[in-house]
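Open the model in your viewer and keep the selection panel at hand. We will go stop by stop.

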Amino acid sequence: MQAIDSPSYCSQDSMQDVTVSELQSHSPPATSHDFELETYSFPTQRLKPMLDNSTKTPLVLVACGSFSPPTHLHTRMFEMAADYVKENTEYEVIGGFLSPVGDAYKKAGLAPAIHRVQMCKLAADYDSPHCLPGSRTSWIAVDPWEALHTEYQPTAIVLDHFDQELNKNGGIDNGQGDKIKIHISLLAGADLIQTMSSPGVWSTDDLEHILGNFGVFIIERADIDVDEAIIALDRWKSNIHVVHQLISNDISSTKIRMQVKRDMSVRYLISDRVIEYINEHGLYRS
Ligand SMILES: Nc1ncnc2c1ncn2[C@@H]1O[C@H](COP(=O)(O)OP(=O)(O)OP(=O)(O)O)[C@@H](O)[C@H]1O
Ligand SMILES: O=C(O)c1ccc[n+]([C@@H]2O[C@H](COP(=O)([O-])O)[C@@H](O)[C@H]2O)c1
């Protein structure tokens with residue numbers, strides 16, 4: 001770990017607030033003051049402060065999931081979506097958030113939320129030595145709000161939370177001194193959109209809210225026919241953007257957990273810092 005002599009490693013305007021204690025030890029304090037809703041504040045530090053192009057609509061991408069552990073594809077999803085947005089839409093991406101699901105989401109094999117939030121921060125380069133003032137080397141932020149709740153937060157509620165936080169002061173400067181409302185969209189893999197057509201998984205009202213008001217950027221995923229997966233969602237098709245993986249990556253957190261359990265290498269599949277964290281905390285071994 002490199003020497004740190006200021007209270008906040010990347011405290012400059014474009015950076016996330018990472019405390020020295022967080023960096024010196026990756027261990028999340030179990031009864032942490034840092035992991036309580038009472039001390040929560042919405043992480044705005046990695047958002048663009050102003051639109052580059054005042055004719056565009058500002059867009060924030062929100063990826064909901066377990067991230068147990070976060071893989072390179074989870075961070076790469078944002079880059080793929082941003083390329084798609086630039087080429088195919090009238091939006092301008094001004095930020096992206098990973099929102100790890102809370103512990104009430106009882107999926108087998110998941111690490112506790114406090115660890116998943118820490119691993120997402122490491123995956124998003126919160127302690128990167130390249131985190132220079134004013135640079136935007138990583139624009140992906142981690143919002144622990146969803147993970148901090150003991151009750152399950154449906155995705156529609158999570159997206160409402162982002163909408164509220166991002167637009168409570170009118171949105172973003174459009175570059176001409178006026179505030180403009182930020183549009184929020186869900187960012188997800190094709191397996192998630194497939195579940196939206198499976199009866200009983202999502203409430204009809206929530207689907208209407210998510211697909212009708214926010215929309216979704218879907219990353220193509222191996223073995224899933226996206227076109228088929230969205231047939232039943234046809235009435236929202238103008239809000240469903242399919243992003244093809246031009247360089248495909250079939251990684252999944254399940255595969256990573258299995259490799260770790262077998263004591264096999266996961267290097268170059270997930271961030272080295274996440275690997276260190278997994279080893280330090282003995283995650284996914286049993
Ligand atoms: N290889 C991939 N291709 C496309 N989308 C992906 C890929 N890996 C993850 N995603 C997407 O990332 C989001 C969050 O992922 P999640 O935490 O569920 O990862 P996962 O690898 O699918 O996890 P698990 O193996 O535990 O089910 C989901 O929308 C998921 O579809
Ligand atoms: O809100 C819902 O009804 C809903 C239904 C199914 C899945 N989700 C969300 O989708 C994500 C699925 O993550 P995962 O790891 O199970 O693929 C997770 O963030 C869930 O909260 C949400």
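Helices (H or I, at least four residues) and strands (E, at least two) are DSSP runs, numbered from the N terminus. The model is predicted, so local features need pLDDT of at least 70, side-chain atom pairs count only at pLDDT 80 or more, and totals for chains, interfaces and linings use all residues. Residues are numbered from 1 along each chain as its sequence is written, while chains are lettered from A and ligands numbered from 1 in the order in which they are written.

**The whole chain**

Start with the protein chain. It holds 10 helices and 8 strands. Of its 286 residues, 38% are buried. Buried means 20 or more other C-beta atoms within 10 Å of the residue's own; exposed means 12 or fewer; partly exposed lies in between; C-beta atoms are placed from the backbone. Now consider contacts, meaning pairs of residues whose C-beta atoms, placed from the backbone, lie within 7 Å. Among those between residues at least 6 apart in sequence, 76% join residues at least 24 apart.

Select S1, residues 57-65, and S2, residues 91-100. Strands count as paired if DSSP finds at least two bridges between them. S1 and S2 run parallel, joined by 9 bridges. Click Thr 57 and look across to Tyr 91 in S2, which stands opposite. S1 is mostly covered, with 8 of its 9 residues buried.

Ala 188 stands opposite Ile 218 in S7. How many of the 7 residues of S6 are buried? The count is 6, so S6 is largely enclosed by the rest of the structure.

**Helix H5**

Select residues 155-167, which form H5. The expected span of a helix is 1.5 Å times one less than its number of residues. For the 13 residues of H5 that gives 18 Å, and the end C-alpha atoms are 18 Å apart, which agrees. Now show the buried residues of H5: Thr 155, Val 158, Leu 159, Phe 162 and Leu 166. Look down the axis of H5: these buried residues fall within an arc of 95 degrees, so they line one face of the helix. The arc is that of the directions from the helix axis to the C-beta atoms.

**Ligand 1**

Centre on ligand 1. It is surrounded by 19 residues, and the closest are Gly 65, Ala 188, Gly 189, Ser 252 and Thr 254. A residue is near a molecule if its C-beta atom, placed from the backbone, lies within 6 Å of it. S1, H2 (72-88), S6, H6 and H9 (253-261) each give two or more residues to this shell. By class, the shell has 7 nonpolar, 9 polar and 3 charged residues. Ala, Val, Leu, Ile, Met, Phe, Trp, Tyr, Cys and Pro count as nonpolar, Asp, Glu, Lys and Arg as charged, and the others, Gly among them, as polar.

**Ligand 2**

Move to ligand 2. Of the 14 residues around it, Cys 64, Ser 66, Val 101, Pro 154 and Thr 155 come nearest. At least two shell residues come from each of S1, H5 and H6 (190-195). The shell around ligand 2 divides into 8 nonpolar, 4 polar and 2 charged residues.

**Backbone details in the loops**

Go to the loop between S1 and H2, where Pro 69 is found. Ser 68 and Pro 69 are joined by a cis peptide bond, with omega about 0 degrees.

Last, select the loop between H9 and H10 (272-281), which contains Asp 263. Phi of Asp 263 is positive, near 60 degrees, in a residue other than glycine. Asp 263 counts as exposed because it has 7 C-beta neighbours inside 10 Å. Tyr 268 also lies in the loop between H9 and H10. Its phi is positive too, near 70 degrees. Is Tyr 268 buried or exposed? With 9 C-beta neighbours inside 10 Å, Tyr 268 counts as exposed. Finish by drawing a distance from Tyr 268 to Thr 71: their C-alpha atoms are separated by 9.5 Å, though the residues are 197 apart along the chain.

Methods
Contact = placed C-beta atoms within 7 Å.
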